[in-house]
Amino acid sequence: MKIGILCYPTYGGSGIVATELGMSLADKGFEVHFISSALPARLDVTNPNIFFHKVNVQTYPLFQYQPYDIALSSMIYRVVNLYKLDILHAHYAIPYAYAAFTAKQMLKADNKDIPLVTTLHGTDITLVGQHPSYKHAVEFSINQSDTITSVSESLKKDTLQFFDIQKDIQVINNFIDNSVFDEEGNACQRKQFANDDEKILIHVSNLRPVKRIQDVLEIFKNVNKKVKSKLIIIGEGPEMEKISEFMENNPELIGEIKLLGKVNDLYRILQLSDVFLLPSEQESFGLAALEAMAARTPVISSNAGGIPEVNIQGETGFLAEIGNVEAMSNYCIKLLSDEKLLSEMKKNAKAQAIHFDLKNILPIYIDMYETTIAKF
Ligand code: GMT
């Protein structure tokens, strides 16, 4: 099977899921063609089954906005023809499902066609896709997809609530490859971030307002008063300003908070952390929480969207209402002050990550591709 994957190249969850999925399919012998505006962050192009096609946008002074979606449709059409692809998989409805639909129309004009799978990831439904400027086109292109998948039950419910969807939505959960977490984080590394008597709290995101960074900082402030600790923040994004502002207002915490930006060895840092904070306003799944769990790190989170499908109350961590900083702080203090509870939750977090292992989810994707092609 030859599969075309359309995705964002950046560190966002949808791009990561698309890249990891494509690489795993390539390892299984499938030919996988990535079509994106830049090389996806984690893509290993040394695998002979992986191909990367960069979408080039021709800039022209007449255009106030460069027509990226036209370049994308054109590239999809070209790659499908050149490499005789069997199926297209759009990750994130905007603009991928829409551009793939246009490419299909171009193929139809040549008496050809290709099945299209669209995977809904979250903000394409719960935030951006609902904006009146996009809503009709998003709804239309989702309905034009041959198969629709969503990364959680919660996102499926939201999609059916916010859009008039005419087809079934298959839930295929996000996954994690636990085999890359097998090595234990070493003590020497831990010392780079905290003293032996300190706990490590961690937050990883693209620092957008939806992640509620202010809550991460306030939780840490409360915890730090009771438990010797450090906070590691990984990622870059528009809320960086809020962190600087918080540090200005809380100078005593400057030495306790480490801002690492984008890192290459995320998993090794997660492995030496004690608790992962995810107080998001919205989260269709919470891939970052799953990555933390695979690294044996329990999660203190909000109960937004699909998080409760991943983080289980009292087992793999604790959940509270969105914005309930006090409850999340208290849970965190409770967890970090009780070694027995902490070690139990670390074990449970890992067990939950194994439940979402790549080995369990990849066959579901392959089966879904085969069914989609067979029905087409
Ligand atoms: O969370 C983000 O802002 C990035 C976004 C994306 O699409 O890149 O993440 C969404 O997709 C991830 C992968 O399926 C999910 O794990 C995230 O929960 C989801 N984010 C939101 O719903 C806010």
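Predicted model: local features only at pLDDT ≥ 70, side-chain atom pairs only at ≥ 80, totals over all residues.
Local features need pLDDT of at least 70, side-chain atom pairs count only at pLDDT 80 or more, and totals for linings use all residues. Residues are numbered from 1 along each chain, and side-chain values use heavy atoms, without hydrogens or water.

The ligand is surrounded by 18 residues (a heavy atom within 4 Å). His121, Asn174, Lys211, Glu283 and Ser284 are the closest. By class, the shell has 5 nonpolar, 11 polar and 2 charged residues (Asp, Glu, Lys and Arg count as charged; Gly is among the polar). Helix H1 supplies the largest share, 3 residues (helices are DSSP runs, H or I, of at least four residues). Domain 1 (2-175 + 357-375) and domain 2 (178-355) each contribute at least three; the bounds come from an automatic or database assignment.

Polar contacts are pairs of N or O atoms within 3.5 Å. A side-chain N or O atom of Lys211 lies 2.8 Å from a ligand oxygen. For a polar side-chain atom of Asn174, the distance to a ligand oxygen is 2.9 Å. The protein covers 93% of the 480 Å² of accessible area that the ligand has on its own (Shrake-Rupley, 1.4 Å probe).

The second largest pocket holds about 350 Å³ of space. A pocket is an open set of points on a 1 Å grid over the protein atoms alone, where a 1.4 Å probe fits, with protein on both sides within 12 Å along at least five of seven lines; lining residues have an atom within 4 Å of a point. Its volume is the space filled by probe spheres set on the points. Of 21 lining residues, Glu20, Ser24, Phe175, Asp177 and Leu358 are closest to the centre. H1 gives the most to this lining, 6 residues.

How values were computed. Helix = DSSP H or I, 4+ residues; strand = E, 2+ residues; numbered from the N terminus. Polar contact = N/O pair within 3.5 Å; in protein donor to acceptor, adjacent residues only side chain to side chain.
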